[in-house]
Amino acid sequence: MTLIRDMCYPTPHELALAARALADEHPASARLRQIGASRAGEPLWLLSVGSTTATQTAPNVLVVAGAHANEPVGGATALALARHLIRVPAAGTAWHFLLCADPDGAALHRTPRPYSLLDYHRNFFRPPGPEQPEWAPSLLPPDRLPPETLALTRLIDELRPALQVSLHGTDLGGSWVQLTRDIPGLAEPFGKSAAELRIPVETSASDAAGWPSPGAGIFVMPAPGISPDGPFHPEDTRLSTWYHAHRHAGTTAIIEVPMWASDLVDDPAPHPDPRAALRILAGRLTADAARVAALREGAADGTDPAAAALLRAVDWTLALIPRIAAEWTGPGAPAEATAAYIGSIDAFGRRLSLRAAAMLLRVLRAQGQPAAPAVDRLVTGWCEEFADRFQARWVPVATQVEHQSRVVLAAYDRLVAAGR
């Protein structure tokens with residue numbers, strides 16, 4: 001499949017309208033239904049194409065978009081894939097697209113087409129872990145799970161998907177894939193697509209630190225009986241909805257694609273002194289977080305729901321940082337690592353403090369707080385430094401969608417070839 005024009009990131013409402021039009025245009029091969037509602041009462045829409053009337057016997061693929069509010073590419077990819085599969089059906093397979101798993105979060109993060117990292121962060125929002133549909137089960141008891149999570153797990157139990165795909169994106173860096181089980185042969189089409197589209201492969205993604213890697217940019221999550229703990233996942237990854245498909249012998253693939261690309265996360269050269277570099281990065285992260293925390297005191301908690309959501313996310317992000325900095329400087333810090341690994345860690349740390357500051361700025365501005373100009377300068381400076389340090393180059397939305405779509409189809413093809 002090929003997409004030759006650029007596009008904007010669609011909102012949940014735009015996704016629903018486009019999906020409705022697609023189902024009306026192709027009633028024999030597509031249908032749209034509501035499978036739940038968000039905490040704010042927004043509908044959760046599922047678009048199904050292919051063998052939609054034989055879900056009890058046909059193998060199912062479930063594609064989840066919009067699980068993270070600040071990663072809007074998934075909805076565009078879901079629509080592109082649905083259109084492709086109507087034109088070129090996957091024989092005997094039903095494909096199901098959850099168009100936006102967190103419409104409430106998406107309403108707070110508004111990024112139709114950012115023109116710079118600063119533009120992207122002006123209206124940034126990423127909810128705290130317990131409010132993220134996929135992560136909530138790893139942080140909350142069953143009786144406190146949000147309705148978006150319950151709807152998603154019910155859907156997995158209904159469809160029993162052989163393959164679940166979660167569509168994610170990173171602000172700056174490269175592309176990589178996380179798997180709950182290895183999909184043999186996926187590295188080859190993944191790498192080929194990334195090379196053709198000039199998207200770097202994140203060969204040492206910080207999100208997958210210490211995980212097995214059967215091929216460049218492919219990472220397999222911890223198997224049962226192996227501790228999942230690490231500096232980036234205070235949660236137990238295996239309790240997320242990604243692993244819920246395992247109850248039905250399914251496999252989950254999480255496909256990441258960057259908005260801005262950087263070749264620094266694709267550099268296989270050995271780093272001369274990883275531990276020294278990590279100490280420097282930990283010190284900077286700690287200092288940056290302290291600056292944001294001091295400015296956080298200027299925000300009134302108030303009763304505005306949007307401000308309350310933003311401040312919960314600020315506090316959640318700031319609370320993660322001491323543990324991360326301790327991991328970077330502790331005995332488990334690697335004595336040997338690639339330049340790509342240090343680059344990925346560097347980017348991870350920068351985005352944590354930047355995100356907290358950006359969300360805080362939105363609250364301070366709305367409240368007319370005197371600290372707002374200081375936070376504005378901080379966000380502006382950090383965005384410029386981030387882009388300059390990583391020589392960021394924009395990846396057109398159509399290119400992001402093309403790569404993500406190719407990898408979804410490749411994962412399905414390889415899974416079928418492996419007889420799963």
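Hi everyone, let's start in a loop: A249 sits in the one between β7 (218-220) and β8. Strands here are DSSP runs of E with at least two residues, helices are runs of H or I with at least four, and both are numbered from the N terminus. Before I go on, this is a predicted model, where local features need pLDDT of at least 70, side-chain atom pairs count only at pLDDT 80 or more, and totals for chains, interfaces and linings use all residues. Residues are numbered from 1 along each chain as its sequence is written, and side-chain values use heavy atoms, leaving out hydrogens and water.

Back to A249. Its phi is near 65°, a positive value in a residue other than glycine. For background, most residues other than glycine have a negative phi. Is A249 buried or exposed? A249 is exposed, at a relative accessible area of 60%; exposed means over 50%, buried under 20% and partly exposed in between, using a 1.4 Å probe and protein chains only.

Q391 has a positive phi too, near 50°. You'll find Q391 in the loop between α10 (372-389) and β9, and Q391 is exposed, with a relative accessible area of 62%.

Now follow the chain into β8, residues 251-261. This strand is mostly covered, with 11 of its 11 residues buried. Which strands pair with β8? Pairing needs at least two bridges found by DSSP between two strands. Strand β5 (residues 163-173) pairs with β8 in the parallel sense over 10 bridges, and there L167 stands opposite I255. Strand β6 (residues 176-179) runs antiparallel to β8, over four bridges, with V177 as the bridge partner of I255. Then strand β9 (residues 393-394) is joined to β8 antiparallel by two bridges, and R393 in β9 faces A261.

Last stop, a helix pair. Helix α2 (residues 73-87) packs against helix α11 (residues 397-417) at an angle of about 60°, with the axes 9 Å apart. That makes the two oblique, the class left over once angles under 35 degrees count as roughly parallel, over 145 as roughly antiparallel and 65 to 115 as roughly perpendicular. The axes are lines fitted to C-alpha atoms over the stretch in contact, and angles run from 0 to 180 degrees between N-to-C directions.

Who touches whom? Contact means heavy atoms within 4.5 Å. The α2 residues in this contact include V73, A80 and L85, and those of α11 include V401, Q404 and L409.
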